[in-house]
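Please open the structure in the viewer and keep the selection tool at hand.

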Amino acid sequence: MENSNVQNNIIDLSGQIISDFVYSHQVYGEAFYTFQLKSKRLSDTYDILPVTVSERLLIDIDANKGAFVSLKGQLRSYNSYSEGKTHLILTVFAKSIETAEESLNDVNNIVLNGYICKTPVYRTTPFNREISDILLAVNRAYKKSDYIPIICWGRNAKFASNLQVGSNILVTGRMQSRNYQKKLSETEVAEKTAYEVSVSKIELISNDIDK
């Protein structure tokens, strides 16, 4: 049952560990840790991505701060409650990890098969780029789901804007980090980081909506 839905959610990443490992939680005596992975884009900019990994996957490898690694896993979500609000938190859950050589272009590929759970939001940027934002529900084992924000561009954005809630879609793309400023008051601004999947290909599998 653990891997029954693994084909719905596949991420393949490589890059450099740029943080210390921080204890996250424990499940049936198995400890999990988080770290930040710096993954280089083709444009020579970087995504800084959160990764969660079991201590058992780290026993036989030298994966410390500064090391280059490649990993395969799933993109997971969970809710965090703070300041009276619910925040959607994303993390890459590593299923396997190994040390790697430094690369000119790091790997960052993701495939998701899920269901649209909010009406897509279509908009244009000040430079007239078309964008559609979608919240995708991806089924996981044990009747759980991960809720993943995805962003489509150009022709994909126009196509996505016409999709309905409940539509089953298959997307491929990359996970990205995006820094932004959140206004807390008239004089205070906080630096925040958002994570999302930038879509390169989108396919409608089924448009069957439950009545």
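Select Lys-38 and Tyr-46: Lys-38 lies over the face of Tyr-46, at 4.5 Å from the ring centre. A charge is said to sit over a ring if NZ of Lys or CZ of Arg is within 6 Å of the ring centre and within 35 degrees of the ring normal. This is a predicted model, in which local features need pLDDT of at least 70 and side-chain atom pairs count only at pLDDT 80 or more, while totals for chains, interfaces and linings use all residues. Residues are numbered from 1 along each chain as its sequence is written, and side-chain values use heavy atoms, with hydrogens and water left out.

Next, select Arg-76 together with Phe-93. The charged end of Arg-76 sits over the ring of Phe-93, 4.3 Å from its centre.

**Aromatic pairs**

How many aromatic pairs are there? The count comes to three. Rings of Phe, Tyr and Trp (its six-membered ring) pair if their centres lie within 6.5 Å; planes under 30 degrees apart count as stacked, over 60 as edge-to-face and the rest as tilted.

Select Tyr-23 and Tyr-33, one of these pairs. Their arrangement is edge-to-face, with 5.8 Å from centre to centre and 80 degrees between the planes. Tyr-23 belongs to strand β2 (residues 22-27) and Tyr-33 to strand β3 (residues 30-40), so the pair ties together parts that are 10 residues apart in sequence. Helices (H or I, at least four residues) and strands (E, at least two) are DSSP runs, numbered from the N terminus. Tyr-23 counts as partly exposed at 48% relative accessibility, and Tyr-33 is also partly exposed, at 25%. Here buried means under 20% relative accessible area, exposed over 50%, and partly exposed in between (1.4 Å probe, protein chains only).

Are Phe-32 and Phe-93 buried or exposed? Both are buried.

**The nonpolar core**

Select Leu-71, Leu-112 and Ile-150. These residues have the most contacts inside the largest nonpolar core, which has 35 residues. The largest share of this core, four residues, comes from strand β6 (residues 85-99). A nonpolar core is a set of buried Ala, Val, Leu, Ile, Met, Phe, Trp, Tyr and Cys residues joined through side-chain atoms within 4.5 Å.

Keep Leu-71 selected and display its surroundings. Not counting residues up to four places away in sequence, Leu-71 touches several residues, among them Ile-11, Leu-13, Phe-35, Val-51 and Val-92. Contact means heavy atoms within 4.5 Å.

**A buried asparagine**

Move to Asn-9, in strand β1 (residues 9-17). Asn-9 counts as buried because its relative accessibility is 1%. A polar atom of its side chain lies 2.8 Å from the backbone oxygen of Leu-75. Leaving aside neighbours within four places in sequence, the contacts of Asn-9 include Gly-73, Leu-112, Val-138 and Asp-146.

**Two cysteines**

A disulfide is a covalent bond between the sulfur atoms of two cysteines. The structure holds zero disulfides, a disulfide being counted as a pair of cysteine sulfur atoms within 2.5 Å. Cys-117 is partly exposed at 29% relative accessibility, whereas Cys-152 is buried at 0%.

**Two loop residues**

Most residues other than glycine have a negative phi. Select Asp-44, whose phi is near 70 degrees, a positive value. Asp-44 is placed in the loop between β3 and β4 (46-54) and is exposed, with a relative accessible area of 54%.

Then select Lys-143, where phi is near 60 degrees, again a positive value in a residue other than glycine. Lys-143 is in the loop between β9 (130-140) and β10 (144-153) and counts as exposed at 87% relative accessibility.

**Last stop**

Finally, select Glu-203 in strand β12 (residues 189-206). Glu-203 is partly exposed, with a relative accessible area of 39%. Beyond its neighbours within four places in sequence, Glu-203 is in contact with Asn-168, Ile-169 and Leu-170. Glu-203 and Asn-168 are 35 residues apart in sequence and 8.8 Å apart in space, C-alpha to C-alpha.

Terms used: A polar contact is a pair of N or O atoms within 3.5 Å; within protein, one must be able to donate a hydrogen and the other to accept it, and residues adjacent in sequence count only if both atoms are side-chain atoms.
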